[in-house]
Amino acid sequence: MSIVRTRPHESAESSPHRAGELTPLRTPDLRAAVTTVTSARTARLRRRRIVIAVLAALVVALFATSLMVGRTFYPPADVLAVIAGHDVPGASFTVGTLRLPRACVAVLTGACFGLGGVTFQTMLRNPLASPDVIGITSGAGAAAAVAIVFFSLGGFAVSVVAVLAGVAVAMAVYLLAYRGGVAGTRLVLVGIGVAAMLNSVTYYALDKAPQWELQEAMRWLSGSLNGASWKDALPLALAMVVLGPLLLAQVRNLGALQLGDDTAAALGVRTERTRIVAILAAVGLITFATAAAGPIAFVAFLSGPIAARIVGPRGSMLIPAALVGSLLVLVADLAAQFAFGTKFPVGVVTGVLGAPYLVYLIIRTNRTGGVL
Amino acid sequence: MTRDRALTVENLTVGYHERMVIDGLDLAIPPGKITAIVGANACGKSTLLRSMSRLLSPRGGQVLLDGKAVHRMPAKELARQLGLLPQSPIAPEGITVADLVGRGRHPHQRILSRWTSADNEAVADALTVTDTVELADRPVDELSGGQRQRVWIAMALAQRTDVLLLDEPTTFLDVSHQVEVLDLLTDLNTARGTTIVMVLHDLNLAARYSDHLIALGEGALHAAGTPSEVLTPALVEAVFGLASQVIVDPVSGTPLMVPKGRHHSGRSAAPRPDVPISHLAER
Amino acid sequence: MLALLTLTVALLVIMVVSVSFGSREVGLDDILAALAGSTDGFDHGAVARRIPRTWMAVIAGAGLAVSGAVMQGVTRNPLADPGILGVTTGASLAVVIGLAWFGLASATSYILVAIIGAGATATFVYIVGSLGRDGATPLKLALAGAATAAALSSFVTAVVLPRQDIAEGAVSWQIGGVGGATAASISTVGPFLAVGFAICLLMAKGLNTLALGDELAAGLGERVGRTRAIAAFGAVVLAGAVTAVTGPIAFVGLVVPHVCRLVAGPDHRWLLPLSALGGGILLTAADVLGRVVARPEEIDVAIITAIIGAPVFIAIVRRHKVRAL
């Protein structure tokens, strides 16, 4: 045989294919492949849309339920009348002033925690790196408690302080975990340490305010919707309107970022900018929610993984996680108010329910040996 | 279907912290050909590739694509012309092949634009080319190493770029999959004229599968040219500090480097005519 | 030896300081009078109350520090600490449940229940944290501990909240302090701590062997499982007994052994006694700080230890290679 051969692509180089149409290399049936791809994609999206629709319907149903039930039951007609602005004796106050703002705050905080949490988890590729595990909610909660107890601040000022503290804690955790690059493990552990310290600050602030009712104190320890009013709902709604779209606009960039920084950059994503925008938006959402209802335990951490389990790997988790977050807070708050004979703050219920799920998640990932 | 793009490197200097990894490098990548970059570990191969795709900013000099500095091009515009497959990309848990390959369409999409039939076609084509259509619905986690690498290449193909850079596309693959991946890249270059630049570990595979071979040492260019011009015992000695012989690859006719080492090198310097060639030729 | 002596002197000094300084400023004459047994007037009374408090801080700190040192040895994990691993919260929950649902009354029964709670939590956290291929890595243990602590803490709140009659409410069962110490509580917890210390000290040699890794230790003739179980039992007794009288206090068990290891090296036969002294010093100092910085109010000692200890925790995390974590 001849040792020196003409290499196949040298001869092909001058072939007429060069400037031609899509040139099938193997299977000539490109149309069949297009059908496969299209139908796979449609099936994937159909499941996702169904899940999102069901979740949204559940949120609406629970929202309605939480307006109707309570010490007095009001039928849907009364509730609708109150929402429409009519004066219904009894219902106008109970539903309009007490239940409606509370339900709105529940939906909004849940969505904020869900969105913010899943953003962190996606970006850091680690479900444990959620803002409530790595100390960001603790920071916002501590700052809010200190602002109220020591500086007698209230309303919007508390939100601002909480947001600033949340951003500062996020930066501090990042910098403390930085040692020639940030490893997820180190970030999570540093966050646990920072959270422990900040929780102590909250305890300290609570210690200084003995005149507080325990319920009010619990709000800053584990989150509570008791006494939620329109004053709490308004900044939250504002944050959601401004920061929600900002975050959703990053969906595709975040999707590319999941493939690793290098791959994302090669796909034309400006990785640093995406990360900064997403972190700021997520921290904003989380801290506004914390300022309104306290650090409702584990909602930010749980929403993403639960959404991922329901939806499966079918595109971005942002919207499903927001819905799951709202659902969690609504359910937990209903349970906290009516299931136990005593009224608990919502955070106690999410804490009791959520922590076993965290343990389960650790067990599951430890078993499979996967990366958490 | 691809255009020839002129990719050149001018007086490029790149470094991390104090250390200069590449210092004043000049290069021209021949358009429409396969170029392989070889060199010892930590000689700046990956750094060069990452600078060419603007993952790293140069300290000095520039990388030009058709005369335009890549570091001043809008990110997405560059990503439509030049693709990069990094050494260890990350597949999110549970993602399906079709979904992963679809992510390669990112530079062609805007924030609010919808997924179009053109996107579907690009994905279908990328799957067809890489022979992964049947895998479209499978989770990437479940694939074998070779399949996974083909899927990643499909993702880079869905990007529809004229130039494709690959950082060690054959690492972690066993030898049959290495050949499979390199054959695929050759097919691609042959049929579409895509300019391919890859960093390769294996000198012999690099020599066999490239039209143009670049040997780097200590961040500087040692040699560039056709494999037979570049791969010589003198170069192997200079770049890797290894005594070797270069013989003719009996299968492809390209140069084949045979290391000497301290042991088992007692035989005569000339290739033994009876053993290797006839033995290989039978296969 | 020198270190032992220095720490003993330091402990005595800090104990004197603890009796002398508090949220109320008291003159030297009055302090001496109070120490002589007088309880006339507010000043003498204040000083008299500082005496059991000081002793409690010393023995609680010693117990937590030794418990932490042993847990680090047993799990070969630099981040082990009864607080971080959720063991103290488990003890706390057990006591709260006993109070609320089982009418627990005697101080001794508090302590026994707390030890059971601590033991159950420690076992659970260790099992969860060591599942999987690479065993109990620091990250998995710390996470399992943090998650368990958070869950148990919610349970504590859930149990206490409807029962305003229980002690001082939810917060005091979530954040520990030594302010309520009395001579009676010290004499109740004392025997338990003595037993815990004795068990731990007896296992010191075994812990040294364990440090070489399970396989090598077994090769050296150590009965790995038994050593680990007995040492862990000692650590749990200490952590549970302390928590029953003070409430959960974190980070003492983390910080003190690390500092002592810098001085004494890794030999547990030195490390454990030094840690006991160091723990006493740290907790007493933290208590004095808590009484002085916010005069006329007091800050619970667990808040101070968290603020001092968390930075040390972070420093340890930063110092270790990621792969080792």
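Biologist: Let me start with two chains side by side. How many residues of chain A are in contact with chain C?

Modeller: Good place to begin, and keep in mind that this is a predicted model. Here, 39 residues of chain A are in contact with 38 residues of chain C.

Biologist: Which elements give two or more residues to the side of chain A that touches chain C?

Modeller: They are helix 7 (184-207), helix 8 (214-222) and helix 15 (346-368) of chain A. Helix 7 of chain A gives the most, with 15 residues.

Biologist: And what is that side of chain A made of, by class?

Modeller: The side touching chain C has 26 nonpolar, eight polar and five charged residues.

Biologist: Now to sheets. How do I read one?

Modeller: Strands of a sheet pair through backbone hydrogen bonds, either parallel or antiparallel. In chain B, six strands form an open sheet in the order 6-7-8-3-9-10, and the pairing is mixed.

Biologist: Which are the edge strands?

Modeller: Strand 6 (82-85) and strand 10 (220-225) of chain B, each pairing on one side only. On average, neighbouring strands of this sheet are turned by 15° against each other, direction ignored.

Biologist: In what sense do strand 6 and strand 7 of chain B pair?

Modeller: Strand 6 of chain B runs parallel to strand 7 (residues 163-167) of chain B, over four bridges. In one of them, B:Gly83 has B:Leu164 as its bridge partner.

Biologist: Which strands does helix 1 of chain B touch?

Modeller: Helix 1 (residues 45-52) of chain B packs on the sheet and touches strand 3 (34-39), strand 7, strand 8 (195-199) and strand 9 (212-217) of chain B. The direction of helix 1 makes about 150° with that of strand 7 of chain B.

Technical notes: Residues are numbered from 1 along each chain as its sequence is written. Chains are lettered from A and ligands numbered from 1 in the order in which they are written. This is a predicted model: local features need pLDDT of at least 70, side-chain atom pairs count only at pLDDT 80 or more; totals for chains, interfaces and linings use all residues. Two strands pair if DSSP finds at least two bridges between them. Axes are lines fitted to C-alpha atoms, for helices over the stretch in contact, and angles run from 0 to 180 degrees between N-to-C directions. Two residues are in contact if their C-beta atoms, placed from the backbone, lie within 7 Å. Ala, Val, Leu, Ile, Met, Phe, Trp, Tyr, Cys and Pro count as nonpolar, Asp, Glu, Lys and Arg as charged, and the others, Gly among them, as polar.
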